[in-house]
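Here are a few notes to go with the model. Have it open on your screen and take the points one at a time.

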Amino acid sequence: MGSNVSSRTFTREDRRHYRERVQRCLDALGAMLAEDSFSFPRQQMGLEIELNLVDGDCRPAMANAEVLEKIGNPSFTLELGQHNLEVNVPPRELAGDETLDLEKELRETLASADDKAQDAGTSIVMIGVLPTLRHEHFDRRWLSDSPRYGVLNDRILAARGEETVLSMEGAPMPGCAFSEKLSSYAESIVPEAACTSVQLHLQVAPDDFAAHWNAAQALAGVQVAIAANSPFLLGKALWHETRIPLFLQATDTRTVELKNQGVRPRVWFGERWITSIFDLFEENVRYFPALLPETGDEDPLDVLGAGGTPSLTELRLHNGTVWRWNRPVYDVVDGVPHLRVENRVLPAGPTVLDTMANAAFFYGAQRALTTLERPLWTQMSFHAAEENLYAGSRLGMGAQLYWPGIGWVPPDELVLRRLLPLAHEGLRDCGVSDSARERYLGVIEARCLSRRTGSQWQRDTVALLESRGVDREGALSAMLEQYVGLMHAGEPVHTWPVGL
């Protein structure tokens, strides 16, 4: 969530200087795009997974600093809340058996990390929203010990001038005709720490960026519907992918009046199809005031004029405080710049295999959509893609999504009829091995046939426990205990039994 910043107080002069520097970064980016200054030797993927820590009673364990020290692996870092960690996978090629190798590496890495976490009396959980979180876990004191989180918390709350309002209505539980509602608040941004996700990165050539981003936007609603894993928050059964509205509300800098005026939220789907990555960075600069107006020493245009590669520090910092569901990324490695699409809609878990299947489906379907003779985004309104995201998030497999040439269709039917064949085709085009392609897309196919996501399994299990007389709090704890055991066993969620 942003890069390292100081904890000092920012002045009016800081803001003016930052705005000027961000504009110079934007000008430098435009020049680099015009001159085709970017590296693209091969298509690489990257992966980040946000994790939760729980104690022996499956309650949040506020121990990430201690656990991180025991893990001793630079791939792991702190995240926003003290019950969070993140593991970052080094980039690698998408082709061949790389995804199979990555799956094996992730299993071993997470198993080793969990062994070390056990030494601190905790366990690692991959899940979209930890269902045993309570209101007291949203206190500011549970922010991780890093200056950037404290500054970001203070800046967001100062911009809004009010407490964080958490308000949403869920989909009915199995066997229930009525939906549950959440109406709560928090005096910090710690509720955002409840949103633990998987972030998929794909390096692309500048000329191909717009098509890949547009394809990712079109797929977002389908992705969350078939991979939902976040049904509970503060004891309530809410959206199948509650992360989506929770992230928006937890980081919202707008008052009610600004919302009524149509001011854009910082957690943003966007509002139009694009023709260049420049469109996204330019929107960030035009619409969103600085949250962290910290400047570096580099003048990007001077660096570019001298034949160097600018870091675009201020533009990247600003981009890190606009949380698009598909985010543009500019990065420099060994002095060479490149561009990436960062897909941020997926929840963590339930298993490593499910995570790899979700990634393979996304990369394959995205690739196939970029090669269609008539681009999908010329046949579909941007608003329809956005509505798909919210429908898929709220109702999961029970949603109705719009798709050109089909109309309104359940997500499982859309995947089985249209998108799964495209994903196979796209992975073949990317050079992914047949064994990897069949393994991961086979999981997606079976999940759609069974209509069982992580969210559906959680909801079914809690409903069964409650039917046996267990109260909601006890049912959530018992469900999570079962979840943790099945997660570590590693079989995909569509095979998980209900009612162990």
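**Notes on a helix and some loops**

1. Keep in mind that this is a predicted model. Start with helix H5, which runs over residues 206–227 and has 22 residues. From its first C-alpha to its last, H5 reaches 29 Å, close to the 32 Å expected at 1.5 Å a residue.

2. Now follow H5 along its length: it bends by about 45° at Leu-219. So where does H5 sit, out in the open or enclosed? Of its 22 residues, 19 are buried, so H5 is largely enclosed by the rest of the structure.

3. Next, hop over to the loop between strand E13 (336–347) and helix H11 (352–370), where you'll find Pro-350.

4. Is Asp-36 buried or exposed? Its relative accessible area is 56%, and the cut-off for exposed is over 50%, so Asp-36 counts as exposed.

5. Leu-312 also deserves a visit: its phi is positive, about 55°, although Leu-312 is not a glycine. You'll find Leu-312 in the loop between helix H9 (300–305) and helix H10 (313–319). Its relative accessibility is 0%, and buried means under 20%, so Leu-312 counts as buried.

Note on methods: Residues are numbered from 1 along each chain as its sequence is written. This is a predicted model: local features need pLDDT of at least 70, side-chain atom pairs count only at pLDDT 80 or more; totals for chains, interfaces and linings use all residues. Side-chain values use heavy atoms; hydrogens and water are left out. Helices (H or I, at least four residues) and strands (E, at least two) are DSSP runs, numbered from the N terminus. The expected span of a helix is 1.5 Å times one less than its number of residues. The bend at a residue is the angle between axes fitted to the seven residues ending there and the seven starting there. Buried means under 20% relative accessible area, exposed over 50%, partly exposed in between (1.4 Å probe, protein chains only).
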